[in-house]
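Subject: Structure for your review

Dear colleague,

Please find below the structure that I am handing over to you. My notes on what was found in it follow directly after.

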Amino acid sequence: MHELIIVGGGPIGLYAAILANKKGIKGLLFESSEVLGGQLMELYPEKEIVDIPEIPMTTAKDYIDHLIMQVNKVKDGIVIHTQEKVLGIASRKTGIEIKTTKDTYLTKTVIIATGLGVYVPRKMGLPDEDKYSNILYSLKSVNHLRDKRVVIMGGGDSALDWAKMSSRVTKHVTIVHRRNEFRGDYKTIQEISTITVKTPFIPVTLAVEGSIVTALELENVATSEHEWIKGDFFFVNYGHIPMSDFFGLERLGIGAKVDEKMMTSLPGVFAIGDVAGYQGKLKRLAPGLTEAKIAINEIIKRIK
Ligand SMILES: Cc1cc2nc3c(=O)[nH]c(=O)nc-3n(C[C@H](O)[C@H](O)[C@H](O)COP(=O)(O)OP(=O)(O)OC[C@H]3O[C@@H](n4cnc5c(N)ncnc54)[C@H](O)[C@@H]3O)c2cc1C
């Protein structure tokens with residue numbers, strides 16, 4: 001039986017873990033992604049954060065690194081499990097049951113800090129594209145790309161980073177982007193002569209052999225001309241779409257309805273951060289941090 005389970009490793013879930021550790025509360029934090037930090041790491045890691053009281057101007061990534069360091073200072077408090085998504089929360093006679101993608105847990109209290117929800121990769125929009133084993137939406141390592149033909153779709157920083165990473169192991173990297181201008185920092189790849197840049201193109205058709213895509217048909221959005229590009233791996237980096245889950249809890253607006261103690265319609269289950277719904281809710285960091293304090297103060301009364 002855990003004392004507290006925190007669902008979501010964004011800034012507000014991490015801050016709740018820091019506060020719980022300070023109060024000697026033991027439990028777990030589940031983050032569905034492999035990266036902690038929520039929107040700050042998924043959407044704007046390099047952006048400056050200027051509006052958190054008492055914290056000097058910092059980038060989103062630095063702020064998350066700071067929070068993670070604080071959580072990890074305490075070894076026997078809140079233990080973080082990444083890549084474990086919470087699927088269900090249910091009240092049982094023995095406590096609150098949390099079902100994840102890996103196991104089932106029992107806890108006295110829960111904090112939901114799932115923000116905008118889990119992020120799923122934005123697809124190209126071509127029929128059956130996610131059925132083929134060589135169309136991929138993330139690039140974690142490049143070893144399997146040695147001397148392969150790699151095609152990368154997208155114009156943001158991570159698409160450019162992927163192109164740079166791939167160019168370390170193969171001379172056949174093409175980056176395809178629908179605009180002539182890149183949203184990301186083009187200097188990342190500017191000096192790398194082995195990377196081919198194709199703009200302004202969009203993918204329109206797949207050429208398939210069995211479970212493998214062998215080529216992509218591209219359309220030049222300026223001239224409407226078509227051409228094919230062959231490849232061994234096709235990486236799509238069109239960003240992510242958030243998918244919220246409210247675990248069947250009562251809703252208010254676009255959040256889970258909470259009372260003044262941040263408790264949801266299920267006793268012992270609290271909601272804080274962007275997922276919390278109450279009149280006048282602001283989806284910003286500072287209110288979320290205050291909500292974490294309120295929830296932890298209430299949780300202490302319930303478990304100690
Ligand atoms: C472009 C942009 C710029 C912004 N700039 C600022 C700013 O300068 N200052 C400011 O105050 N606010 C800013 N915000 C708002 C701020 O980012 C949010 O208020 C903040 O991220 C909310 O934090 P959170 O922890 O509640 O949710 P999130 O950051 O959304 O984190 C939720 C986490 O929960 C995880 N999760 C979701 N579902 C599950 C599940 N079922 N199981 C396990 N894990 C799950 C997700 O993977 C995610 O990591 C900005 C927002 C955007 C989009």
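Ile5 stands opposite Leu28 in strand E2. Strand E1 (residues 2–7) and E2 pair in the parallel sense over four bridges; two strands count as paired if DSSP finds at least two bridges between them. Helices (H or I, at least four residues) and strands (E, at least two) are DSSP runs, numbered from the N terminus. From E1 the chain passes through helix H1 (residues 11–22) to E2, in a β-α-β crossover that is right-handed. The term means that, with the strands pointing away from the viewer, the path from the first strand over the helix to the second runs clockwise.

The model is a predicted one: local features need pLDDT of at least 70, side-chain atom pairs count only at pLDDT 80 or more, and totals for chains, interfaces and linings use all residues. Residues are numbered from 1 along each chain as its sequence is written.

E2 (residues 27–31) also pairs with strand E5 (residues 78–82), in the parallel sense and over five bridges. Within E5, Ile80 is the bridge partner of Leu29.

The largest nonpolar core has 51 residues. Such a core is a set of buried Ala, Val, Leu, Ile, Met, Phe, Trp, Tyr and Cys residues joined through C-beta atoms within 7 Å. H1 gives the most to this core, with eight residues. Val110 is one of the residues with the most contacts inside the core; leaving aside residues up to four places away in sequence, Val110 touches Ile5, Val7, Ile89, Ile96, Ile98, Gly268, Val269 and Phe270. A contact here requires C-beta atoms, placed from the backbone, within 7 Å. Apart from this core lies another, of 24 residues, including Val150 and Phe234.

The ligand is surrounded by 34 residues, the closest being Gly8, Gly10, Gly38, Gly115 and Gly273; a residue is near the ligand if its C-beta atom, placed from the backbone, lies within 6 Å of it. H1, E2, helix H2 (38–42) and helix H6 (285–303) are the elements that give two or more residues to this shell.

A cis peptide bond, with omega of about -10°, joins Thr199 and Pro200, and Pro200 lies in the loop between strand E13 (195–198) and strand E14 (201–209). Gln83 is found in the loop between E5 and strand E6 (86–92) and counts as exposed because it has 12 C-beta neighbours inside 10 Å. Phe247, in the loop between strand E18 (240–243) and strand E19, is buried, since 21 other C-beta atoms lie within 10 Å.

Overall, the protein has six helices and 22 strands, and buried residues make up 37% of its 304 residues.

With kind regards

Definitions and conventions. Buried ≥ 20, exposed ≤ 12 C-beta atoms within 10 Å, placed from the backbone. Contact = placed C-beta atoms within 7 Å.
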